[in-house]
Number of protein chains: 2
Amino acid sequence: MLKKIDHIGIAVKSLDAAVPYYENALGLKCEGIEEVAEQKVKTAFFSLGGVHIELLEPTSPDSPIAKFLEKNPHGGVHHLAFESSDIRGELAHLKEKGVALINEEPKIGAHAKQIAFLHPKSTMGVLTEICQDGEGGCSCGH
Amino acid sequence: MLKKIDHIGIAVKSLDAAVPYYENALGLKCEGIEEVAEQKVKTAFFSLGGVHIELLEPTSPDSPIAKFLEKNPHGGVHHLAFESSDIRGELAHLKEKGVALINEEPKIGAHAKQIAFLHPKSTMGVLTEICQDGEGGCSCGH
């Protein structure tokens, strides 16, 4: 069962430009910046009422975020992530319901979470992530 | 000051197709369906951990959601909404910070909330809504 909306992933051209908007205009506090080599992104995290906003800047032209920015040059919402306490059970349930999975097996994302993406063709165009806290947490305190 | 992420607005071609996905695959409960004549949309609301998901189906070809679907035919995240306890103060603060406002004055949205949109050119491509509960609430119990 899904517990909450864990985060909203937002593609940005530049964290240097985006972080000040989230901090100064929206009044949110940047909780940290982390590079996720596997996804070829640098992320900045904010939190509001238990939901994270994850800004994603590509670190390589072949990053999935770089491809998203080709279509959406100003940036935009890239994905929604739902937290589950049982990601493998959740993926099995979704598959049984006919949802196409991009990742049949969870992989490791930012904050050492287990993550898996559902295909937008099954989710009304919204790239959707299911995530679960990694065992033992991660070194950055999240 | 922003209190929380109030809702995520998601454009869909058809509530009849989208609601069963959110109910049966994601396991969320539809809290109600409401037509917002001014926005030319029919909305379905879901809730998870205090954050709402607002599905938006256009009711007219000149609805803003119909225009979004022309560019994103499968649907997608249309806007993010942040709740404020003082929408007018929030808008004044944002304007002072150089954020372009689509609505200088709040208008009435779904659930009789006061709402105002920020221009995506100032928000890194993310159409952003600020909202505040309407005085006295609304008839649907939200």
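Me: What is the order of the strands in the open sheet of chain A?
Reply: Strands of a sheet pair through backbone hydrogen bonds, in either the parallel or the antiparallel sense. In this predicted model, the open sheet of chain A has eight strands in the order E2-E3-E4-E1-E5-E8-E7-E6, and the pairing is mixed. Strand E2 (32-36) and strand E6 (107-108) of chain A are at the edges with a single partner strand each, so one side of each has no neighbour in the sheet. Two strands count as paired if DSSP finds at least two bridges between them, and the elements themselves are DSSP runs numbered from the N terminus, helices being H or I of at least four residues and strands E of at least two.

Me: In which sense do strand E5 and strand E8 of chain A pair?
Reply: Strand E5 (residues 76-84) and strand E8 (residues 128-132) of chain A pair in the parallel sense, over four bridges, and Leu80(A) stands opposite Thr128(A) in E8(A).

Me: How many helices and strands are there in chain A, and which conventions apply to the model?
Reply: Chain A has three helices and eight strands, which follow one another from the N terminus as β-α-β-β-β-α-β-α-β-β-β. Residues are numbered from 1 along each chain as its sequence is written, while chains are lettered from A and ligands numbered from 1 in the order in which they are written. The model is predicted, local features need pLDDT of at least 70, side-chain atom pairs count only at pLDDT 80 or more, and totals for chains, interfaces and linings use all residues, whereas side-chain values use heavy atoms, with hydrogens and water left out.

Me: What radius of gyration does chain A have?
Reply: The radius is taken over C-alpha atoms, and the globule rule is 2.2 Å times the number of residues to the power 0.38. For 142 residues a compact globule would have a radius near 14 Å, and the 15 Å of chain A agrees with that. The C-alpha atoms of chain A fill a box of roughly 45 × 35 × 25 Å along the principal axes.

Me: Where does Lys40(A) lie, and what is its phi?
Reply: Lys40(A) lies in the loop between E2 and strand E3 (41-48) of chain A, and its phi is near 55 degrees, a positive value in a residue other than glycine. Lys40(A) is partly exposed, with a relative accessible area of 29%, where buried means under 20%, exposed over 50%, and partly exposed in between (1.4 Å probe, protein chains only).
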